Amino acid sequence: MNELARAAVAAHALGCLDCGKCTASCPIPLAGADYSPRRHVVDTIQGDEELLGNPTIYQCLTCSQCDQRCPAAVDYTGLIKELRALSFKKGGPPECPHGGALQSVMRMMADGGTQQDRMGWVTDDLKTKPETGEVFFWTGCTPYYDAFFPEFEVDTLSGSQASVKLLNHLGVEPVVSPVEKCCGHDLLWNGDLENFEKLAKFNVDLVAKSGAKILVTPCAECVRTWRIDYEKYLDGGDLRVLHLTEYLAENSGKLSFKEPENGSETVTFQDPCRLGRHLGVYDAPRELLAKVPGVELEEMAHSGRSATCCAGGSWSSCDRFSKQIQVDRLKEARATGAEVMVTSCPKCQVHFKCSMKDPKLSDEIEIEMRDLAEILADALE
């Protein structure tokens, strides 16, 4: 059995009914692109090797909208991941957005040749442990996003600081490691399995040595990576991997919030694809928002299972179709009348803030963006 045949079997592609619901559901063709998930599935089944050199396999947002609507349960998102891995072995993907700079940093980490300043964001009021403890706080790449994208006025580190503040409020002093490395999410989804595996093994060993029983992260991509893609490296251990919103929802009885000083505030929530469709976490963020006095949630036309992706994928593609998806989503957020667009993934903030910098559209799409952790931390008693 050749590689494409194995990929087809693993993704249940042979069950494809050729109905086209995947293409009809995909936000990329809906934005005007000549893109078809169904065509990729058929080409895989037929063993068309040219598919591995086709740049359109890197256009996929891996948002899984098609997967949940497929009547034959074809795992198109998993198929794309496998096709990219096969493509990478044959010469690699096209150059990633931003010159592939972030991927280069990730590969440097994988090779062990980086000296990081991972603790510069931890302010004196935050209580953390450097090596061992019951709860491990996984920071993710937020220290890099703020440095890489200052022109977008990205402030993802505020979400990390707010997350630790909330854990401290619950009486938890989490481990925040000065030697944590990128989880490798973007390398995995761009086909670089070798460097992903190096990062995975290092990080799993790091957390194991800490003695932590729970790993908490505010990043939707990190929690998906740890819970699903790291499973085989965890070797059946008893580590619980939770998104921050899940952990807070489990301990919501210990959270106390004050009445607002400046009246109520209307917000809308952006469901991250990795947290929502990949992991099925929809209720926890909304339960937490409902506990904050003065915060009123107005849902967008597409929310929950039907939420539109931030169109950033895994730094795989950034074209005019991605931009159109982001613009349409921001207009949808504005249409709710909300003052703030709240999310639980720092990558969403990066992509939407990038789109908001369009001088011709800014008046139509600008909206304040904040991490859910910030909303909650500011409201603590």
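This is a predicted model: local features need pLDDT of at least 70, side-chain atom pairs count only at pLDDT 80 or more; totals for chains, interfaces and linings use all residues.
Local features were taken at pLDDT of at least 70 and side-chain atom pairs only at pLDDT 80 or more, whereas totals for chains, interfaces and linings use all residues. Residues are numbered from 1 along each chain as its sequence is written, and side-chain values use heavy atoms, with hydrogens and water left out.

Helices (H or I, at least four residues) and strands (E, at least two) are DSSP runs numbered from the N terminus. An open sheet is formed by 4 strands in the order β5-β4-β6-β7, with parallel pairing; two strands pair if DSSP finds at least two bridges between them. From one strand to the next the twist averages 40°. Strand β4 (residues 265–270) is joined to β5 by 3 bridges, and the two run parallel. Glu265 has Val295 in β5 as its bridge partner.

Two helices were examined against this sheet. Helix α15 (residues 283–291) lies across β4 and β5 and runs at about 170° to β4. Helix α17 (residues 346–356) packs on the sheet and touches β4, β6 (340–343) and β7, its direction making about 170° with that of β7. Contact means heavy atoms within 4.5 Å. Axes are lines fitted to C-alpha atoms, for helices over the stretch in contact, and angles run from 0 to 180 degrees between N-to-C directions.

Helix α17 also meets helix α16 (residues 320–335): their axes come within 10 Å and cross at roughly 90°. The two helices are therefore roughly perpendicular to each other (angles under 35 degrees count as roughly parallel, over 145 as roughly antiparallel, 65 to 115 as roughly perpendicular and the rest as oblique). Lys323, Gln326, Arg329 and Leu330 of α16 make the contact with His351, Phe352, Ser355 and Met356 of α17. These residues divide into 3 nonpolar, 3 polar and 2 charged (Ala, Val, Leu, Ile, Met, Phe, Trp, Tyr, Cys and Pro count as nonpolar, Asp, Glu, Lys and Arg as charged, and the others, Gly among them, as polar).

A further helix pair is formed by α7 (residues 101–111) and α11 (residues 193–210), whose axes come within 9 Å and cross at roughly 55°. This angle makes α7 oblique to α11. On the α7 side, Met106, Arg107, Met109, Ala110 and Asp111 meet Asn195, Lys198 and Leu199 in α11. The residues of this contact comprise 4 nonpolar, 1 polar and 3 charged.
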